[in-house]
Amino acid sequence: MSPEPSPEPSPGTHPQAGPEAAPGRIVLLTTSHRVAPGLLSWPAWQALRTADAVLCADGAHPQLPYLREAGIAVTQTSPTARELVDACAGGRTVVVVATGEGEPALTDGLARLAGSGRVAMPELELLPASYDLPGARLLDLVQVMDRIRAECPWSSRQTHEGLAKYGIEEAYELVEAIEAGDREELREELGDVLLQVVFHSRIAEEDPDAPFSVDDVAGGIVAKLIHRHPHVFGDEQAETPEDVKQHWLRTKAEEKQRTSVTEGVPLGQPGLALAAKLASRTRTAGLDVPLPQGEGIGYELLALAVRAEAHGIDPEAALRAAARAYRDAIRAAESEGRNTAG
């Protein structure tokens, strides 16, 4: 009777000369601190449950209580690259639960061993067990702001009123970055504006009468956006930007129930912007309101601002562009004067 043929190796496997020759497998398990501990992917749980050993260098790693609760035995140790390779001998699988830094010393050591050509290296797999969702870094900002508010002598004493001027300054710097077309500056200035929102929200948490948090701020704007976009989140239809604007104005009017189109227009904004905003509100409401007549440059500027708004021009932006051209002309004249004097 002829012997039965040996089974063919399954795809993705390699025949081994014996258990001791099998190099084994290292799984580097990474997690995000921005996702609640214990919420791991299914491939991660599979790797943890089938591993011959699970190691972690950080005894305070936030995942450890949840792994142990799930019956995963975790050994607190910080092996060298060589020790880890040896631990995989005989085809063993070792899972390393990475610390927040991602174990750079260990991975560098493994790379050096592999590059030497003298060591039979285990299979190395990087397995992300949890992922950051878009916007996850905002959680870092909130945590940093919490600590600064508690420990910084300056930040801990700030109030809404004391920070108000910085909100105005940062908004202007953002506009300047946009108009300059500087992408790096734009990113930075957006961060500075975002800081104002988080800072004020953190201060608001301490109010004894009407506290609110950054979550309340975010929840409020989310609810507002959904309500004012029924063509996205509801059954309304909008085919053009003008349709969208009409939806927005209608829902905003229902929310605010204002008695005048001028309500909600901040009078403290720059004069040209104020005039244009009032003109926009008047035109949108279909009101025919003649411009007040009077003597002086103020009335002339009012008429120019209203005319600009009617033609879809932002008078503030137009004046800033002209002012920048004026600045460049001044610098050119100064440079020419210095050259002539020299």
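Start by selecting strand E1 (residues 25–30) and strand E4 (residues 93–97): they run parallel and are joined by 5 bridges. Strands here are DSSP runs of E with at least two residues, helices are runs of H or I with at least four, and both are numbered from the N terminus. This is a predicted model, in which local features need pLDDT of at least 70, side-chain atom pairs count only at pLDDT 80 or more, and totals for chains, interfaces and linings use all residues. Residues are numbered from 1 along each chain as its sequence is written, and side-chain values use heavy atoms, leaving out hydrogens and water.

Zoom in on Val 27, and you will find Val 95 of E4 opposite.

Now show the whole open sheet: its 5 strands pair in parallel in the order E3-E2-E4-E1-E5, pairing being at least two DSSP bridges between two strands. E3 (75–76) and E5 (123–128) are the edges; each has a single partner strand, so one side of each lacks a neighbour in the sheet.

Next, pick helix H5 (residues 137–151). Colour Asp 140, Met 145 and Arg 149, its buried residues, then Arg 147, Ala 150 and Glu 151, exposed on the other side. Buried is under 20% relative accessible area, exposed over 50%, and partly exposed in between, with a 1.4 Å probe and protein chains only.

Finish at helix H10 (241–256) and helix H11 (271–284), each of which supplies at least two residues of the lining of the largest pocket. H10 gives the most, with 7 residues.
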